[in-house]
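The sequence and the coordinates are shown below.

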Amino acid sequence: MSKYDQRWVGAWWLGFLIVGVASVAFSLPIMFFPRRIRYDQDTSHRKTQNSSNADSKKAAVKKVILDMPKSLSRIFRRPVYVLALVGGCIDGFGFSGWFAFSQKYIETQFNKTPQQVSLTTGIIVIFSLALGTFSGGFLTSRFKLGLRGCVMMALAISAGTLALDVMYMVFGCENSQVMGLGDTRTQSSQQCACNSDIFLVCGDNNVDYRSPCWAGCTNSTNMIFSNCSEINGGQAKPGLCSLDCPFFIPFLVIYCLGMLIGCSSIVPGFMIIVRSIEQRDQSLATGASAFCQTLIGFLPAPLVFGKLIDSTCRLWSPTGDYCMLYDRERFRFIFNGLYIGLRAGHLVILTLVLLLVRRLHGRRDKDGIHGRESKTISPTT
């Protein structure tokens, strides 16, 4: 079976097997660590004395549990934190949905095999994620950005990536004309008994057909169909014909730049969350932010994006289990349109955060608090 065949699945489990075996192999040395790390005797003795009282431990745990509602109340009374959390959920929703189906989108849009897309995008994602995260952290540290600086940096990055995302609407391919769909029925399809085993084929004449039967093929050898009456006795092979579409390389360039610039906002975004609340609540605020972004953003996004993608299918499999042919243009506009809309919403939220931070710092300046920008907003905010 050709890898261009729509029925081709491939060794999808191979990546999980390699990663799983590597995880077990690298975890084996950790199993040889001692149960307890031996400290200096005097230090260990002092720590043992300080923590030997079981009642004090129970009291400490009880205090943490009782203080948690109060801490959450303080956190969610911070407008900057709440707005940043809403923006993070919107951005996470868009990124999760787009990234989950980006490989399927590239395969469909440019008629590439899963192997080609996985290798190309995998290299881009690895280097972009590492370099982007490092550069974001370096700039934040190098310029000693406070809360306002981090918000301005995140806003600039969001605006830049949104401008790049719009280019996805341009760098796309047109639909392939498939004989056997709609009003493009061929005469041969009326003369042969077409069964339910439908899969797309490409003829020697560079024309796509719904199945070998629609191309009038009568012979088959090693998945190569021959003696096709609609191709003047020529041959047909599984899969769609190559596209005369010059936008694959420009798309990859935009994809790489978008990932690189977008990943540089990871550190500033984290610092916005941390510096918008009191120091005693930072750990809980970080956990609450991660929980909300996962529950509201990352989990439901693939379901919504997947449902919209299914609406762009032109040809379902005979059993209706999977889509054999997508409408490229509808796929491009719906998929990228939803993503761009969510990124625009995130940009609006960041703009509101910046205006709020400026107003709060303006109040502090009027009250006589001058000097270098503080790392957190005062508890009375």
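The sections below treat a helix, a sheet and a set of record annotations in turn.

## Helix α7

The model is predicted. Helix α7 comprises 16 residues, 248-263. Its first and last C-alpha atoms are 22 Å apart, close to the 22 Å expected at 1.5 Å a residue.

Eight positions can be listed by name: Phe 248, Phe 251, Leu 252, Ile 254, Tyr 255, Gly 258, Met 259 and Cys 263 are the buried residues of α7. Viewed down the axis of α7, these buried residues fall within an arc of 165 degrees, so they line one face of the helix. An α-helix has 3.6 residues a turn, so residues three or four places apart point the same way. The cover over the buried residues of α7 includes α4 (79-110), α5 (114-142), α6 (147-166) and α8 (266-275).

## The open sheet

Six strands make up an open sheet with mixed pairing, in the order β1-β3-β2-β6-β5-β4. At the edges stand β1 (178-179) and β4 (219-221), each with a single partner strand, so one side of each has no neighbour in the sheet.

Strand β4 runs antiparallel to β5 (residues 224-228), and three bridges join the two. Ser 220 stands opposite Phe 225 in β5.

## Annotated transmembrane regions

An unreviewed UniProt entry places the feature "transmembrane region" at several spans, including 12-33, 247-272 and 333-357. In the model, residues 12-33 are 82% helix and 0% strand, with end C-alpha atoms 35 Å apart. Residues 333-357 are 100% helix and 0% strand, and their end C-alpha atoms lie 35 Å apart.

How values were computed:
Residues numbered from 1 in each chain as written. Predicted model: local features only at pLDDT ≥ 70, side-chain atom pairs only at ≥ 80, totals over all residues. Heavy atoms only, no water. Helix = DSSP H or I, 4+ residues; strand = E, 2+ residues; numbered from the N terminus. Expected span 1.5 Å × (residues − 1). Buried < 20%, exposed > 50% of the residue type's maximum accessible area, 1.4 Å probe, protein only. Arc of directions from axis to C-beta. Contact = heavy atoms within 4.5 Å. Pairing = 2+ DSSP bridges. UniProt positions renumbered as here; feature names shortened; annotations may be inferred.
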